[in-house]
Amino acid sequence: MNHEKVLKRALERAIDLAGNMRRLSERTGVNYATINKFYNGQQDIANIPLATMEKLFPAMRIYCFPDEAPEKTHINLGANAGSGGGQFINGDVHGGEFQLGGGAASVRTADQLRDLVMDVEISDSAKVRILKILREESRNT
């Protein structure tokens, strides 16, 4: 994994979500000049201090060992996923599969999967979208 590319994309996304660098600076307390230097490559983003990353990316989690990382369940939703479904990650629906926290072995039935969706810490609208995708897939199989 290229951490520099991941950090660069994350910084670009944070700026986009905030609207611009100035707003990101105001919201996070990170100096505008610091954000600007990392964004423009004047300062190597690989050397960004951990405290700055924590301010810019408050949802970021670091797992130093594999057993600390949360397990994921991947569910393939087929070719029609692009129209209203797809990959569900952090509240967003993308390509052809989605992820939820929880162990793959723990989900054995559609009812268990629905229960898992309801237990995940995401918005209600995101849960509704996932449940609609599951309903459509169950009709198509």
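A residue is termed buried when its relative accessible area is under 20% and exposed when that area is over 50%. In the predicted model, this criterion classes Met21, Leu24, Ser25 and Thr28 of helix H2 as buried. Around the helix axis these four residues cover an arc of only 100 degrees, and they therefore lie on the same side of H2. Such an arrangement can be read against the geometry of the helix: an α-helix has 3.6 residues a turn, so residues three or four places apart point the same way. The other side of H2 carries Glu26 and Arg27, which are exposed. Cover for the buried residues of H2 is provided by elements that include helix H1 (3-18), H3 and helix H4 (50-56).

Two packed helices are described by the angle between their axes and the distance between the axes. For helix H2, spanning residues 21-28, and helix H3, spanning residues 32-40, the angle is about 130 degrees and the axes are 9 Å apart. The crossing of the two helices, H2 and H3, is right-handed. On the H2 side, the contact is made by Met21, Arg22, Leu24 and Ser25, while H3 contributes Tyr32, Ile35, Asn36 and Tyr39. By residue class, the contact of H2 with H3 comprises five nonpolar residues, two polar residues and one charged residue. Met21, Leu24 and Ser25, which take part in this contact, are also among the buried residues of H2.

Helix H4, one of the elements covering the buried residues of H2, contains Ala51. Ala51 has a relative accessible area of 47% and is therefore partly exposed. Between the C-alpha atoms of Ala51 and Val30, the separation is 9.6 Å, although the two residues are 21 positions apart along the chain.

At the level of the whole chain, the secondary structure consists of six helices and four strands. Along the sequence these elements follow the pattern α-α-α-α-β-β-β-β-α-α. Of the 141 residues in the chain, 28% are buried. Considering contacts between residues at least 6 apart in sequence, 44% join residues that are at least 24 apart.

How values were computed:
Residues are numbered from 1 along each chain as its sequence is written. This is a predicted model: local features need pLDDT of at least 70, side-chain atom pairs count only at pLDDT 80 or more; totals for chains, interfaces and linings use all residues. Side-chain values use heavy atoms; hydrogens and water are left out. Axes are lines fitted to C-alpha atoms, for helices over the stretch in contact, and angles run from 0 to 180 degrees between N-to-C directions. A crossing is left-handed if the near helix is turned anticlockwise from the far one by less than a right angle, and right-handed if clockwise. Contact means heavy atoms within 4.5 Å. Ala, Val, Leu, Ile, Met, Phe, Trp, Tyr, Cys and Pro count as nonpolar, Asp, Glu, Lys and Arg as charged, and the others, Gly among them, as polar. Buried means under 20% relative accessible area, exposed over 50%, partly exposed in between (1.4 Å probe, protein chains only). The arc is that of the directions from the helix axis to the C-beta atoms.
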